[in-house]
Amino acid sequence: MKLVTIDCNGSYHLGIKLEAGVLDVTEALKAVPGEGLQGEVDMMGVIAQGDLYVPLLAEYVDRVLSGEAGERRFLYEESEIRYGPAVTQPGKIICVGLNYRKHAEETNAPIPQYPILFNKFDNAIAAHSDDIPLPIRVTEQVDYEAELAIVIGKQVKYVDKEQALSHVFGYCNANDLSARDLQMRTQQWLLGKSCDKFSPLGPYLVTADEVGDPNALAIKCTVNGEVRQHSNTSDMIFHCDEIVSYISQHMTLYPGDIILTGTPEGVVLGKPVDERIYLKDGDVVTIEIEKLGALTNRMVDEK
């Protein structure tokens with residue numbers, strides 16, 4: 001199932017992406033009650049209780065769009081909706097650095113012995129089609145990073161690798177935007193990673209059952225239509241099950257927590273110094289991962 005956050009003038013509605021369009025579940029429920037779906041059903045609630053809600057939502061979609069109810073007025077073309085972030089209220093945003101072998105090699109970094117972890121905050125969350133402000137007062141070196149985002153669905157600590165992915169709700173595209181000069185100013189990367197809207201997510205949150213093996217997905221980044229990154233998640237040094245297990249040994253993971261799993265080769269930082277052209281006003285960046293759709297954002301100079 002492909003879940004969507006619909007931004008209705010600042011109020012987030014739950015949506016489901018279908019072949020025929022996007023169903024606004026929040027609005028539909030006001031007209032067509034759903035068994036087990038009484039009350040407010042939102043993105044964070046579905047993530048936290050996926051085993052309950054996902055089957056109920058699948059049945060509800062069939063009912064709403066069937067002849068029994070015929071409520072197709074809540075079905076919209078994607079061009080008609082404004083997206084919200086795929087995860088609206090993450091508790092933690094944990095990122096893994098240098099997690100693709102070829103990316104480590106292009107930046108002349110040693111292959112990590114353990115996952116390199118850093119974090120972002122919720123101010124960095126943005127949605128598909130959002131303009132991303134380039135903080136030109138403090139940086140001129142904003143780089144793109146196509147990444148697979150893991151979204152936790154069940155509280156877990158000390159999980160072994162074999163059981164780790166059973167605690168994942170789903171996956172989405174992410175762009176781990178990075179101000180390289182700020183990132184490298186000190187040994188801690190946080191400053192260069194946590195500027196406002198530096199973590200667009202979306203357009204969909206796709207349930208784990210629909211994605212299958214997260215370490216067998218094509219991943220690509222284009223800037224103004226030019227392919228900059230083109231790889232596969234199989235090039236990860238630490239695979240998704242290893243990452244979830246490793247993090248859980250040190251902290252409890254909760255539903256809605258996000259893990260960004262690293263980026264493949266092709267970033268600006270990996271080029272020779274005289275060939276580095278960082279993102280600028282008007283650049284359009286698209287992150288596309290197999291089965292997850294395409295996340296597109298335009299860069300604009302911060303006012």
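The model is predicted: local features require a pLDDT of at least 70, side-chain atom pairs count only at pLDDT 80 or more, and totals for chains, interfaces and linings use all residues. Residues are numbered from 1 along each chain as its sequence is written, and side-chain values use heavy atoms, with hydrogens and water left out.

The chain contains nine helices and 18 strands; these are DSSP runs numbered from the N terminus, with helices (H or I) of at least four residues and strands (E) of at least two. The radius of gyration of the chain is 19 Å, close to the 19 Å given by the globule rule for 303 residues, so the chain is as compact as a globular protein of that length. This radius is taken over C-alpha atoms, and the globule rule is 2.2 Å times the number of residues to the power 0.38. The C-alpha trace spans about 65 × 45 × 30 Å along its principal axes.

Of the 303 residues, 53% count as buried, a class that means under 20% relative accessible area, against over 50% for exposed and in between for partly exposed (1.4 Å probe, protein chains only). The accessible surface of the chain is about 13,400 Å², and carbon and sulfur atoms hold 47% of this surface; such areas come from the Shrake-Rupley method with a 1.4 Å probe, and for residues only the protein chains shown count as cover. Among contacts (heavy atoms within 4.5 Å) between residues at least 6 apart in sequence, 74% join residues at least 24 apart.

The pockets come next. A pocket is an open set of points on a 1 Å grid over the protein atoms alone, where a 1.4 Å probe fits, with protein on both sides within 12 Å along at least five of seven lines; lining residues have an atom within 4 Å of a point. Grid points are joined across faces, edges and corners, and a volume is the space filled by probe spheres set on the points. The largest pocket has a volume of about 230 Å³. Sixteen residues line the largest pocket, and the closest to its centre are Gly50, Asp51, Val54, Val168 and Phe169. Helices H2, H3 and H8 and strand E11 each supply at least two lining residues, and H3 gives the largest share, four residues.

The second largest pocket has a volume of about 170 Å³. Of its 19 lining residues, Leu98, His103, Gln183, Trp189 and Leu269 are the closest to the centre. Strand E5 and helix H6 are the elements that give two or more residues to this lining.

Leu98 counts as buried because its relative accessibility is 17%. Ser129, in the loop between strands E7 and E8, likewise has a positive phi, near 80 degrees.

Two further sites complete the picture. A cis peptide bond, with omega about 0 degrees, joins Gly202 and Pro203, and Pro203 is found in strand E13. Arg185, in the loop between H6 and helix H7, counts as exposed because its relative accessibility is 58%.
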